[in-house]
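Subject: Handover of a structure

Dear colleague,

Please find below the structure that I am passing to you.

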Amino acid sequence: MRIYEDLRVVQARLAILQATAVVLVAALVVQFWNLQVVRGRHFRELAENNRSRLVTLAAPRGALLDRNGRVLVQNRPSFNVVVNSDSPESLDRLAGRLASALGVGEASIRERLARKQPYRPVVVKTDATLADVAALEARRLELPEVSVEVVPLRSYPLASAAAHALGRVGEISERQLQSPEYQALAAGSLVGQAGVEYRYNKELMGRDGFRRVIVNSRGLEMGEAERQAPEDGPSLTLSIDAKLQGAIERAFAGRAGCAVALDPATGEILGMASTPAYDPNEFTTGIDPELWASLATDPRTPLINRVIQGAYSPGSTFKVIAATAALEEGLIRPETTFYCPGYLNVYNTTFHCSAKAGHGTLDLRRAIANSCNVYFYQVGIRLEISRLAKWAKRMGLGAPTGVDLPHEIGGLMPSAEWKLRLFKTPWYGGETVSVAIGQGQVSATPLQMARVAAVIANGGLLVRPHLVRSAAGMEPVNLGIQPSTIEAVKAGMRAVVAEGTGWRARFQTIEVAGKTGSAQVVAKARLEKSPNAPEIQPHGWFLCFAPADRPTIAMAVLVEHGRSGGESAAPVAHEILAEWFGLAKPPPGAPGLPDLEAED
Amino acid sequence: MAIDRRLVYNVDWVLVGSSLALALTGVAMIYSATHGGRTPNLYLKQLALVGAGSLALVATAAIDYRRLADRAMLLYGASVVALLYVLRFAPVIAGTRRWILLGGFQLQPSELVKLATAVFVAKVFSDSRQEVLGLRDLIVPGAAVGLLALLIAREPDLGTAVCLMPILLAVAFLAGLRMRAVAAVGTALVLVAALAWPLLKDYQKTRIYTFLDPSLDPRGAGYQKIQSQIAVGSGGLVGRGFAEGSQAQLGYLPARHTDFVFSVLAEEKGFLGVVVALGLYLLVLWRMLETARLARDRLGAFIVAGHAAGVGFQVVYNVAMVAGLVPVKGLPLPLMSYGGSSVLSSLMGIGLVLSVRMRRFAN
């Protein structure tokens, strides 16, 4: 039998251990209270962030329609390969695997992955092929961070036709990402980058929807928590007439130049082409850098919209402005005659006329019809630069027209103040003589000149050209020109086509009013030295409107290096007008209407 | 070794009941954590292990703890041999040598070494007839336990190695260690921690740095702590619902059926579930220490208290780790975590306690 041990110390100290256990457990309870009840909401949010990923559902951009509802630009479904993970190791691992699965260079994938923003997916390949999608689907388990999204892609069925007016879309640029106008857009979003696509980007984009999906810790999608359907961008009806546009494109096939046709009453742009052009379809998925470089450095400047970005000497088309100014200022009357011996000696200079032998004595109508320079030298001398500049500016030169397209230039209408400010030299009278026939410093865009034609066509309204029919703030401005002035200038322009330099634009059934012009691109002396070098030939201009009495169309046509407007631009205008008035020759072999066109 | 009626009469049914309740809660949480994964039947395995553990519990309770203590040196020697064997021959699994393969089962000797240590230390101190112990009296048992801890730490399994220390300290404390010595030991532990710092491996240091500031490396070493806190915190008052916790179900929570099983409970059962589970653990510890108080001799009291200290340390550390209070260490939660050796040793430990309690009036 053992002696019972004295356990008092043991028992006392056991009590201490028990108390310790109680205190520790109580401390843990306090911590859990703090985490779960006090800060529970915070951790709940973190858990939500953990498990959900936002997947953007791209809203299809609004279609662009012509004035008759024909589709100019639409969307087609395409596949985007996107990466969701944020972990650097997994991105590193992905680059190589994606490169082999998609047949893309690893460097380009790395470059795209480097642009990833946290918690936002990044697109590594746009417009992936079905083969790409199949290759990824087969590797689904080893590449859980990669997914394929179906996104609407911009499609331009007309290819390069009206490319400059319609514009193009492309990935949002770094600079755009920073700007408030594009806020809430992620890297890789497609936005308008030129033309109507750029100018009306906000309206066309619609509102992207999203899917909030539940992903597991490896990034694999486990389900969907929330979905907001995308709101399609509304379609936009343009004033362009697809058939007329087609005629403009055909007329310019193989030529450099541009044409723009307006509704003279409203300023709606019926057609607009600038050649050479480019195919906007090439841009929608990120343009190939080589192609971009060749477009950007091409000396024929296919990326430039000549209609609003080309500043050309207006040449003799400027005589429409000079005539209007002189009539309005009361310096001449329609009956006023001048004698043209083929040249004019003034300000110690000899200024030549287009006709070496001279036009003899002619009035305003015949001066316009035959494009007599001497007559307009006289007009210019009487107007002086101040009044000439005043009227030119009134009729829209020297400032952008305000067309609803980006990057329009204003051209230049020189004046004495302008010269003094810029060159610190006074204006010389001889300069006015040159400007009066559209040479010298003056320059204008084809759109500005089409508008000048419209002013005469509509009886003195300065229209605001626009492409979107519903565009606001596009009401014409009444210039307050006397009807007699309009009639006199119009009579001259009718004579241009009926009996003058623009005869190649003549129809039997429709009366066309027009004005030819040629814009020198080099000094006369150089042209005389090598008269046949194509690249130094003057540009050919033709302004016109028709029918002359109740015009439905006003147009400016410019054929680069086309020698004279009558030779090169008037036939192009003729072809376009034929389509507008339904007088076009039917395609060979097709049964059609009898040929109403008369050429002489 | 027949169990007489008096022994059965003295079984602590509260202890047994709360232990089994925790073990079964663990099975449920393991189900929740793994049912959607690659090993959906793990909970059945754990259930079978709880069953086997219960048998082991009964078997252990049936052994007279004094007979066991008589063989303390044998247990100690067997522990050293087993640990040496593990270090020398065990396969490398996840970078460590911890397990012996025994006919399809993986046995982790270090789990059973904890029980052996409790018996061994209790035996050493109960044999000592001194009323008051000084630091010097700690040297021999300290060295013996230190050797075991060292072997386990070499596996490497620092967590389990550290678990041996509370056993030694608790028994020494009960055996009459001077309060001055208690203070000295406390100071020494702090010093050791400071001196051990240069010896830690880089990943261990990183763990401690990121414990202090998890945002240093949210995808790396800080990940486990952050994800566990998110799981716990998002559980709120009543929890996300059984098998409904997104952190556990979607795999954000690491080691969710083993070391972090308590996070699953906290996420899915909320603060109320946590309070119940912690209450059960406190009840288990309390009843163990009660058993120690009621023990008829110092040996029994020491065995039970030593074991309770080891279990208590492990529970508190694991739960504090889940709550983000202490650095992440690979340390299972007794009774609840998945793992055969852990369940087995947890339930055998309960059996050991019962063995003492049942014999409180026996000779």
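**Findings**

A:E567 is partly exposed, with 16 other C-beta atoms within 10 Å; a residue is called buried if 20 or more other C-beta atoms lie within 10 Å of its own, exposed if 12 or fewer, and partly exposed in between, with C-beta atoms placed from the backbone. This is a predicted model, in which local features need pLDDT of at least 70 and side-chain atom pairs count only at pLDDT 80 or more, while totals for chains, interfaces and linings use all residues. Residues are numbered from 1 along each chain as its sequence is written, and chains are lettered from A and ligands numbered from 1 in the order in which they are written.

A:E567 belongs to helix α21 (residues 565-580) of chain A; helices (H or I, at least four residues) and strands (E, at least two) are DSSP runs, numbered from the N terminus. Leaving aside residues up to four places away in sequence, A:E567 touches A:G540 and A:G562, where contact requires C-beta atoms, placed from the backbone, within 7 Å. A:R504 is 63 residues from A:E567 along the chain, and their C-alpha atoms are separated by 7.5 Å.

**The two chains**

Chain A contains 21 helices and 21 strands, and 46% of its 600 residues count as buried. Chain B contains 15 helices and 2 strands, and buried residues make up 54% of its 363 residues. Among contacts with a separation of 6 or more, residues 24 or more positions apart account for 72% in chain A and 73% in chain B.

**Nonpolar cores**

A nonpolar core is here a set of buried Ala, Val, Leu, Ile, Met, Phe, Trp, Tyr and Cys residues joined through C-beta atoms within 7 Å. The largest one has 126 residues, and those with the most contacts inside it are A:A259, A:V260, A:A453, A:M555 and A:I576. Helix α15 (residues 373-394) of chain A gives the most to this core, with 11 residues. Domain 1 (52-237) and domain 2 (304-580) of chain A both supply residues, so the core lies between them; these bounds come from an automatic or database domain assignment. Not counting residues up to four places away in sequence, the residues touched by A:V260 include A:I269, A:V307, A:L447 and A:M555. A second, separate core of 124 residues includes B:A72, B:V284, B:L299 and B:I303.

**Where the chains meet**

In total, 36 residues of chain A are in contact with 42 residues of chain B. On the side of chain A that touches chain B, the elements giving two or more residues are α1 and α2 of chain A. Of these, α1(A) gives the most, with 19 residues.

Helix α1 (residues 8-38) of chain A has 31 residues and reaches 44 Å from its first C-alpha to its last, close to the 45 Å expected at 1.5 Å a residue; the expected span is 1.5 Å times one less than the number of residues. Its buried residues include A:V10, A:R13, A:L17, A:L24 and A:F32. What covers the buried residues of α1(A) includes α2 (40-51) of chain A, together with α8 (158-174), α11 (223-235), α13 (261-294) and α14 (298-322) of chain B.

Yours sincerely

Note on methods
Two residues are in contact if their C-beta atoms, placed from the backbone, lie within 7 Å.
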